Amino acid sequence: MNTQWEAAMRAALAIQAAESLRGDDVPVGAVLLDANGEVIASGHNEKERHSDPTAHAEIVAIRAAAAARGDWRLDDLTLVVTLEPCVMCAAAIVAARIPRVVFGAWDERVGAAGSLYDLLRDPRLGKPVEVIGGVLEVDCSSELKAFFASKRQN
């Protein structure tokens, strides 16, 4: 089942890799796909670049998709992201009515899609989101590990 999402995850990884070379933001890439699997929006972390604590890859991609469509309801899209969404991003995903999230690396520290919390599938928040985790997990986590290792050396 995970193999059907590998091409989209590779697109998110390409965004992650490109952005990791540009600065101090944690290298995370995200794409939003339509029903045909076409990328309609993408994002990467921009917290440091814009001094904006909400500028996570998922939020940036959600804002771009909503602006492109002129509608905040993204109920026919799939979000593919290289790192498990945090609580803030999970709330935005639920608010945007995104029905499916595919992610690569698990985030045991702040993940909200099944590792630390499971907000996306919590029925008290509305319709549960389909969650597919661990797609190209090794590839997704290697860039993150290298980024944080370099931070510890500085």
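This is a predicted model: local features need pLDDT of at least 70, side-chain atom pairs count only at pLDDT 80 or more; totals for chains, interfaces and linings use all residues.
Seven salt bridges were identified in a search of the whole structure. Among them is the pair Arg-100 and Glu-130, whose closest N and O atoms lie 2.9 Å apart. Because Arg-100 belongs to strand S4 and Glu-130 to strand S5, this pair ties together parts of the chain that are 30 residues apart in sequence. Both partners are partly exposed, with relative accessible areas of 25% for Arg-100 and 32% for Glu-130. Another salt bridge joins the side chains of Asp-76 and Arg-69, with an N to O distance of 2.6 Å; the relative accessible area is 40% for Asp-76 and 35% for Arg-69. A salt bridge is also formed by Arg-121 and Asp-118, with 3.1 Å between the closest N and O atoms. Arg-121 is partly exposed at 34%, and Asp-118 is likewise partly exposed at 33%.

The loop between S4 and S5 contains Val-129, which is buried, with a relative accessible area of 5%. Beyond residues up to four places away in sequence, Val-129 touches Ile-93, Val-94, Ile-98, Pro-99, Arg-100, Val-101, Leu-120 and Arg-121. The C-alpha atom of Val-129 is separated by 20 Å from that of Ser-42, a residue 87 positions away along the chain.

Tyr-117 is also located in the loop between strand S4 (100-105) and strand S5 (130-132). Tyr-117 is partly exposed, at 43% relative accessible area.

How values were computed:
Residues are numbered from 1 along each chain as its sequence is written. Side-chain values use heavy atoms; hydrogens and water are left out. Helices (H or I, at least four residues) and strands (E, at least two) are DSSP runs, numbered from the N terminus. Buried means under 20% relative accessible area, exposed over 50%, partly exposed in between (1.4 Å probe, protein chains only). Contact means heavy atoms within 4.5 Å. A salt bridge is a side-chain nitrogen of Lys or Arg within 4 Å of a carboxyl oxygen of Asp or Glu.
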